Amino acid sequence: MDAKEISLNEKKVKPVVDMLNDYLANYHMHYQKLRGCHWNVKGQNFFTLHIKFEELYTNAQLTIDEIAERVLTLGKPPHSRFSDYIKESVIKEADTIGMKDLDMVDAVLDDMAQLIQIERDLLEATDAAGDDGSNDMVNRFMQFKEKNTWMLRSFAGKK
């Protein structure tokens, strides 16, 4: 299948597919960081953050699947190797072993800020390509992160 099968212009959608694959790479790095935070959180905030990190990584896992399936819907293969994710991602790995709980929150907030910027760029690209399906999907993901950014910032006592 290719993009023309769903009434999209292949040439206009190519940049979107490339950006979605980069987005997929960044989401995988974010997902793994969330798992590390979930596994390694300690301290007085353990119960709250352990549950929150699990909620976030569960959501990230579902998001990753939707992104990959959208790439396939647009007629291209999604990246599926960790070497590609590491190479293409602006989000970097973090060693969460021994990391303080609020430093974990800061790391997650940094990831979310980077993902939101990628999403804003994707929204512009999907709009230019007339790809309303990808635009709607990315917008939903961005709204989830915007809300959770507010919640995590409030939890950490940030403005």
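## Exercises on a predicted helical model

Ser7 is exposed, with a relative accessible area of 71% (buried is under 20%, exposed over 50%, partly exposed in between, using a 1.4 Å probe and protein chains only). The model is predicted, so local features need pLDDT of at least 70 and side-chain atom pairs count only at pLDDT 80 or more, while totals for chains, interfaces and linings use all residues. Residues are numbered from 1 along each chain as its sequence is written, and side-chain values use heavy atoms, with hydrogens and water left out.

**Exercise 1.** Find where Ser7 is and look at its phi.

- Step one: Ser7 belongs to the segment before α1 (10-40); helices here are DSSP runs of H or I with at least four residues, strands are runs of E with at least two, and both are numbered from the N terminus.
- Step two: its phi is near 65°, a positive value in a residue other than glycine.

**Exercise 2.** Work out how α1 and α2 are arranged.

- Step one: two packed helices are described by the angle between their axes and the distance between the axes.
- Step two: the axes of α1 and α2 cross at roughly 160° and come within 9 Å (axes are lines fitted to C-alpha atoms, for helices over the stretch in contact, and angles run from 0 to 180 degrees between N-to-C directions).
- Step three: that makes α1 roughly antiparallel to α2 (angles under 35 degrees count as roughly parallel, over 145 as roughly antiparallel, 65 to 115 as roughly perpendicular and the rest as oblique).

**Exercise 3.** Describe the surroundings of Gln114.

- Step one: Gln114 sits in helix α4.
- Step two: its relative accessibility is 32%, so Gln114 counts as partly exposed.
- Step three: leaving out residues up to four places away in sequence, Gln114 touches Val90 and Ile91.
- Step four: Gln114 and His30 are 84 residues apart in sequence, yet 9.9 Å apart in space, C-alpha to C-alpha.

Definitions and conventions. Contact means heavy atoms within 4.5 Å.
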